[in-house]
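Here is a short report for a first look at this structure. Keep the view open while you read.

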Amino acid sequence: MRTFANFILKEVYHITRDWRSLLVLICIPIIQLFLFGYAIRTELNEAEIAVIDHSKDYITQEITNKLISSGYFKLNAYIENENQIEHLFKNGSVKEVVIFEPHFAKKLEKEGKASIMLVADASNPNIGTLVTSYTSSIIRTYQLELNSKAIKANTLIIPEVKMLFNPELKSVYMFVPGLIALILMLVSALMTSITITREKEMGSMEVLLVSPLKPQMIIIGKVVPYVVISFFNSLTVLALSILIFKIPFEGSFLLFTFESVLFIITALALGILISTIANSQLAAMMMSLGGLLMPTVLLSGFIYPVENMPLVLQWLSYLIPAKWFLIILKGIMLKGLGIEQLWKETLILLVMALFYIAISTRKLKIRLE
Amino acid sequence: MNAVEVNGLTKYYGEKKAILSLSFNVNDGELFGFIGPDGAGKTTLFRILTTLLLPNEGYARILGKDVIKDFKFLRNHIGYMPGRFSLYMDLTVEENLRFFASIFNTTIEENYHLIKDIYVQIEPFKKRRAGNLSGGMKQKLALSCALIHKPQLLVLDEPTTGVDAVSRREFWEMLQRLKEQGITIIVSTPYMDEAILCDRIALIQNGSLLDIDSPNDIVAKYKKRLLSVETSLKHLAIKSLENYEHKVSVYPFGDSIHYTDIRNNFETADIKDYLVSKGIVDCKVVEIEAGIEDVFMSLMKEREHEQ
């Protein structure tokens with residue numbers, strides 16, 4: 001045990017003495033958080049919209065004017081029917097189509113309510129939600145104005161939102177769970193595979209092997225400090241996103257911790273697996289970036305919705321641990337789900353963890369070859 | 001008992017044979033040297049002896065234990081200093097030593113007496129990082145780290161490569177003292193002048209042993225007359241001697257040229273006259289005693305002829 005403690009101590013020395021790398025390890029997650037955070041929170045600026053006005057009365061005219069004068073939207077065209085929408089979206093310039101139902105003003109006066117349909121191009125989910133929420137809020141303001149003028153109390157304008165191309169629109173909050181997954185993958189897999197191959201490259205692995213230390217001990221000893229760092233990183237990101245970006249955290253913190261540790265173990269096993277194959281730090285880095293980080297970013301649903309991908313890529317995404325971790329994290333953070341609802345994904349992650357641990361320990365060598 | 005017993009040891013890397021059917025014994029308490037150029041197979045052999053590689057054929061027993069079956073026992077009782085420098089450059093002298101002590105389940109204090117002679121020389125710098133030590137001091141630290149768990153056998157792979165001449169001499173003095181304490185030492189080196197300091201040496205070339213004996217006996221086996229030629233026109237002299245009808249071998253040796261002749265009765269003046277006739281006027285030809293390197297060269301040549 002004392003041997004093991006000393007081994008970890010030595011690893012801690014390595015990490016703290018190389019203060020530049022340590023700084024990078026701690027700062028990168030925070031920088032990423034702000035980059036992703038603000039990249040997604042960009043203000044709308046003159047997004048082009050089209051209007052289908054089946055009513056053509058003074059209220060629909062006023063609402064249209066409000067939208068355009070807000071500065072967020074620019075009128076691209078009035079169109080006549082819904083068949084043209086898809087064509088407009090495919091051209092790419094129009095982000096949203098506002099459709100007023102027939103007899104809008106009349107209905108509002110008689111029945112006290114009327115509806116507007118907002119159709120958004122959600123191929124970019126973030127812009128999709130942004131335009132509809134801006135539009136809805138302008139309409140709401142107008143409705144309050146109407147009510148306060150007391151022309152007709154309790155009028156109700158109902159914006160119905162419809163997303164094209166990506167009906168199950170993902171929340172903009174998605175980047176935080178995704179970022180946590182990315183950071184855990186980065187630190188756990190990339191850093192451990194690099195630190196283990198560094199011992200190989202320097203030749204000190206030879207001396208470590210010619211000692212009574214078991215290879216498993218060598219690996220675990222090298223990995224423990226990185227578990228701590230990556231867990232610390234995920235907590236930082238979580239805290240900052242709650243404090244600065246007001247991301248909700250509905251679920252149990254305990255479950256979050258448990259699932260994070262499970263994912264860290266999976267990532268570590270992958271990192272160890274890479275280190276048993278790679279013989280140089282450079283090779284380890286290329287394998288981690290290409291084999292782990294890219295799929296985590298692209299196929300987990302972190303940035304691009306998996307549902308929009310070709311079938312082959314969708315199947316491939318089932319093999320990405322981060323995909324399941326993301327579903328779990330979103331469940332916990334945004335929907336407040338517990339283990340009762342998330343046991344399936346947790347089980348998949350657990351099986352993956354055990355599977356990767358099994359192969360990486362099998363591949364651990366007690367000799368140089 | 002033999003500290004090391006090796007029989008028919010062979011190792012391939014794919015198609016390439018790294019070592020070929022090596023057999024030798026190292027006695028208890030012996031300082032045994034492997035002399036040979038880079039790529040001769042010394043490192044491969046040492047890695048098999050230290051349980052790091054598996055041989056394809058033959059067996060090796062260390063301290064009476066098999067290197068394959070009993071690797072766990074052996075890893076507790078062998079001290080190994082690999083050729084590539086294997087300390088942690090970002091740890092201090094003391095931290096390195098403490099770390100290597102701890103992975104062998106011991107402490108610096110417990111075995112301080114073993115390394116005292118060597119360690120006192122670097123102890124004033126114990127707070128300094130290993131990366132900032134001079135080559136000679138790094139080597140002393142590495143030796144201390146390899147000794148801290150009281151090994152019965154010390155395996156040193158080219159410990160003096162890249163170290164200055166003074167540190168090399170000091171290092172060999174340390175090895176002599178360790179030998180006096182009863183530790184068996186196997187060491188490899190590309191430097192022929194260090195061979196003379198070993199009890200016995202094995203000359204190794206292309207994965208095969210050329211000879212095993214004490215340095216004096218190996219030199220004594222050299223029967224030919226050896227001439228040393230010194231001249232400022234070294235290049236031309238080598239070329240001329242290569243074309244001399246009676247030559248056996250010509251090779252540069254430091255600043256001079258070593259030459260052997262096919263005849264047994266000839267005068268050094270014959271050689272000098274020949275060189276002068278080729279336009280090399282200022283040259284000095286003297287007969288000298290052969291060194292290990294000369295033996296090595298001649299054995300190598302014989303081996304090449306056999307093949």
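Leaving aside neighbours within four places in sequence, which residues is B:Ile185 in contact with?

## Nonpolar cores

This is a predicted model. In it, B:Ile185 is in contact with B:Leu31, B:Phe32, B:Leu154, B:Leu156, B:Leu175, B:Leu178 and B:Lys179, its neighbours within four places in sequence left aside. B:Ile185 belongs to the largest nonpolar core, which has 81 residues. Together with B:Leu49 and B:Val155, B:Ile185 touches the most other members of that core.

There is also a second, separate core. It has 57 residues, including A:Val176, A:Ile194, A:Ile196 and A:Ile247. In soluble globular proteins, nonpolar side chains tend to be buried together.

## Domains of chain B

Chain B is divided in two. Domain 1 covers 2-218, and domain 2 covers 223-289. Their C-alpha centres lie 39 Å apart.

## Chain A overall

Chain A has 14 helices and 5 strands. Of its 369 residues, 36% are buried. Take the contacts in chain A between residues at least 6 apart in sequence: 80% of them join residues at least 24 apart.

## A helix pair in chain A

Two packed helices are described by the angle between their axes and the distance between the axes. Helix H10 (residues 253-277) and helix H13 (residues 321-335) of chain A pack at about 170°, and their axes are 11 Å apart. H10(A) is therefore roughly antiparallel to H13(A), since the angle is over 145 degrees.

From H10(A), the contact involves A:Leu255, A:Phe256, A:Glu259, A:Phe263 and A:Thr266. From H13(A), they meet A:Pro321, A:Phe325, A:Ile328 and A:Ile332. The residues of this contact divide into 7 nonpolar, 1 polar and 1 charged.

Conventions
Residues are numbered from 1 along each chain as its sequence is written. Chains are lettered from A and ligands numbered from 1 in the order in which they are written. This is a predicted model: local features need pLDDT of at least 70, side-chain atom pairs count only at pLDDT 80 or more; totals for chains, interfaces and linings use all residues. Helices (H or I, at least four residues) and strands (E, at least two) are DSSP runs, numbered from the N terminus. A residue is buried if 20 or more other C-beta atoms lie within 10 Å of its own, exposed if 12 or fewer, and partly exposed in between; C-beta atoms are placed from the backbone. Two residues are in contact if their C-beta atoms, placed from the backbone, lie within 7 Å. Domain bounds come from an automatic or database domain assignment. A nonpolar core is a set of buried Ala, Val, Leu, Ile, Met, Phe, Trp, Tyr and Cys residues joined through C-beta atoms within 7 Å. Axes are lines fitted to C-alpha atoms, for helices over the stretch in contact, and angles run from 0 to 180 degrees between N-to-C directions. Angles under 35 degrees count as roughly parallel, over 145 as roughly antiparallel, 65 to 115 as roughly perpendicular and the rest as oblique. Ala, Val, Leu, Ile, Met, Phe, Trp, Tyr, Cys and Pro count as nonpolar, Asp, Glu, Lys and Arg as charged, and the others, Gly among them, as polar.
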